[in-house]
Amino acid sequence: MTTINVDNLMSFHAIDISLYLCLIHRLGTPPDSAKRTLAFWLQLEHVGLARDNLTSHISSRPDPVVAHFVAEAESCINVITRDDNDDEEEMGSIPSRLHL
């Protein structure tokens, strides 16, 4: 059985950590929201609903594009976690469609 030490784990998640810090420091995303957003993206990768290395793909984009990815992820998370009794109007518009 292979033993994973902290250095190997940090190296493996270097892109995720870098993206998390970008979300918090450069884009001003609250830490809890940044955690949920990254977890959402990693889960999409894990279950095969997103390209491999989605976080790497996102982190290579300019900040305004990353901000749109964050807004989309937050919208998806809100829909997934909403109460069935929530009013559709309260959910707001899908961010990518606001500028069409």
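In which helix is His 57 found?

1. His 57 is found in helix 4, and this, like everything that follows, is read from a predicted model. Because buried means under 20% relative accessible area, His 57, with a relative accessible area of 19%, counts as buried. If its neighbours within four places in sequence are left aside, His 57 is in contact with Arg 51 and Phe 69.

2. For the overall plan, the chain has five helices and zero strands, so that, read from the N terminus on, its elements run α-α-α-α-α. Of the 100 residues of the chain, 24% count as buried, while the chain exposes about 7400 Å², of which carbon and sulfur atoms supply 55%. Among the contacts in the chain with a separation of 6 or more, 49% are accounted for by residues 24 or more positions apart.

3. The largest nonpolar core has 14 residues, and those that touch the most other members are Leu 19, Leu 23, Trp 41, Ile 58 and Val 66. At least two residues of this core are supplied by each of helix 2, helix 3 (31-46), helix 4 (54-59) and helix 5 (63-81). For Val 66, when residues up to four places away in sequence are not counted, the residues touched are Leu 19, Leu 23, Leu 27, Ile 58 and Arg 61.

4. Helix 2 deserves a paragraph of its own. With 13 residues at 1.5 Å a residue, helix 2 should span 18 Å, and its end C-alpha atoms are 17 Å apart, which agrees. Its buried residues are Asp 16, Leu 19, Cys 22, Leu 23 and Ile 24, and these buried residues pack against helix 3, helix 4 and helix 5. As a general point for reading such a list, an α-helix has 3.6 residues a turn, so residues three or four places apart point the same way. Just after helix 2, Gly 28 takes a positive phi of about 70 degrees.

5. A nonpolar patch on the surface is formed by Val 6, Met 10, Ile 17 and Leu 21, which together have about 360 Å² of accessible area. The elements that give two or more residues to this nonpolar patch are helix 1 (6-12) and helix 2 (14-26). Leu 21 is found in helix 2, and because its relative accessible area is 40%, Leu 21 is partly exposed.

Notes: Residues numbered from 1 in each chain as written. Predicted model: local features only at pLDDT ≥ 70, side-chain atom pairs only at ≥ 80, totals over all residues. Heavy atoms only, no water. Patch = residues over 30% accessible without salt bridge, like charges linked within 9 Å, V, L, I, M, F, W, Y side chains within 5 Å. Areas by Shrake-Rupley, 256 points an atom, 1.4 Å probe, with all protein chains shown as cover. Salt bridge = Lys/Arg side-chain N within 4 Å of Asp/Glu carboxyl O. Helix = DSSP H or I, 4+ residues; strand = E, 2+ residues; numbered from the N terminus. Buried < 20%, exposed > 50% of the residue type's maximum accessible area, 1.4 Å probe, protein only. Core = buried A, V, L, I, M, F, W, Y, C linked by side-chain atoms within 4.5 Å. Contact = heavy atoms within 4.5 Å. Expected span 1.5 Å × (residues − 1).
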